[in-house]
Amino acid sequence: MNGAGESSLKRRSKNHKSPTNGVKVANGAMAKTASTHYSDASFMKWTLADAVYVATHHWILCLFALGLLFFMGVEYTLLMVPSSAPPFDLGFIATRPLHALLESSPHLNTLFAALNTMFVGMQTSYILWTWLIEGRPRATISALFMFTCRGILGYSTQLPLPQEFLGSGADFPVGNVSFFLFFSGHVAGSVIASLDMRRMQRRELAWTFDALNVLQAVRLLGTRGHYTIDLAVGVGAGVLFDFLAGKYEDSKRKGALTTK
């Protein structure tokens, strides 16, 4: 091999060594970058003044944080309800006096059931009125979403009827027919109507519906017609499906504008 070839090989060998040094440089740069990221982390800049600000201006979030820790302790230490026992329901415990009263007085139970059915009729009438008379379909769309979802969930997980259930032929659905426990359509429908009333500045009527909804929930717990979780999810469902109905209307409006 001539001298030119040897010098060419030496240059190549030097070039092959350079990537090793480059990797070291790159690793050093990455380490420096990672160190910079850690030092720039948000929590590294927190001060005592920040903690005081959070405690005074975001105290609700602090309460929820304490609630998280508390219920983590409760969940991981409580004795679970055995499969042979009825479900534990705090709402049933709170309404024991009402349950005893209604159990001892069937006529009073029937009267309350009839009044509750009238309230369901008021909900239904208002929701249909907003669509058929006022031409505002949002509450009706919300009810369609809600009851369809309720049917899917209610059939998917069929909770056992409470052992102390007090039925009535005057209760809705009238005639002692079967029904889904999860979730409460009574409560969700009332929330949907109440939210629509607030949008239309019918605040007095909305507060009236809210008060009647609370009485309805207490009665449903007292008769063991729903578990507490059915009622709580019913409130959330009313809010959720009203929101989704609004999104549905907005999407249709935007679609109509783009096609023009």
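Q: Is R253 buried, partly exposed or exposed, and what is its relative accessible area?
A: In this predicted model, a residue counts as buried under 20% relative accessible area and as exposed over 50%, with partly exposed in between. R253 has a relative accessible area of 47%, so the class that applies to R253 is partly exposed, at 47%.

Q: Which residue forms a salt bridge with R253, and how far apart are the closest N and O atoms?
A: Side chains of opposite charge can pair when their charged atoms come close. Both residues of this pair lie in helix α10, three residues apart, which is about one turn of the helix. The salt bridge joins R253 to D250, and the closest N and O atoms are 2.9 Å apart.

Q: How many residues apart are D242 and R138, whose side chains meet in a salt bridge?
A: The N to O distance of this salt bridge is 3.1 Å. D242 belongs to helix α10 (residues 228–259), while R138 belongs to helix α7 (residues 138–156), and the pair therefore links distant parts of the chain, being 104 residues apart.

Q: Why does the salt bridge of D242 and R199 tie together parts that are apart in sequence, and how many residues separate them?
A: The side chains of D242 and R199 meet at 2.9 Å, N to O. D242 is buried, with a relative accessible area of 6%, whereas R199 is partly exposed, with a relative accessible area of 32%. Because D242 lies in helix α10 and R199 in helix α8 (residues 185–199), the pair ties together parts whose separation in sequence is 43 residues.

Q: Is the aromatic pair of F182 and F183 stacked or edge-to-face?
A: A search of the whole structure finds six aromatic pairs. In the pair of F182 and F183, the ring centres are 5.9 Å apart and the planes stand at 90°. Both F182 and F183 are buried. Planes over 60 degrees apart fall in one class, so with 90° between the planes this pair is edge-to-face.

Q: Over the face of which residue does R198 lie?
A: The distance from R198 to the ring centre is 4.8 Å. The residue whose face R198 lies over is W207.

Key:
Residues are numbered from 1 along each chain as its sequence is written. This is a predicted model: local features need pLDDT of at least 70, side-chain atom pairs count only at pLDDT 80 or more; totals for chains, interfaces and linings use all residues. Side-chain values use heavy atoms; hydrogens and water are left out. Rings of Phe, Tyr and Trp (its six-membered ring) pair if their centres lie within 6.5 Å; planes under 30 degrees apart count as stacked, over 60 as edge-to-face and the rest as tilted. Buried means under 20% relative accessible area, exposed over 50%, partly exposed in between (1.4 Å probe, protein chains only). A charge sits over a ring if NZ of Lys or CZ of Arg is within 6 Å of the ring centre and within 35 degrees of the ring normal. A salt bridge is a side-chain nitrogen of Lys or Arg within 4 Å of a carboxyl oxygen of Asp or Glu. Helices (H or I, at least four residues) and strands (E, at least two) are DSSP runs, numbered from the N terminus.
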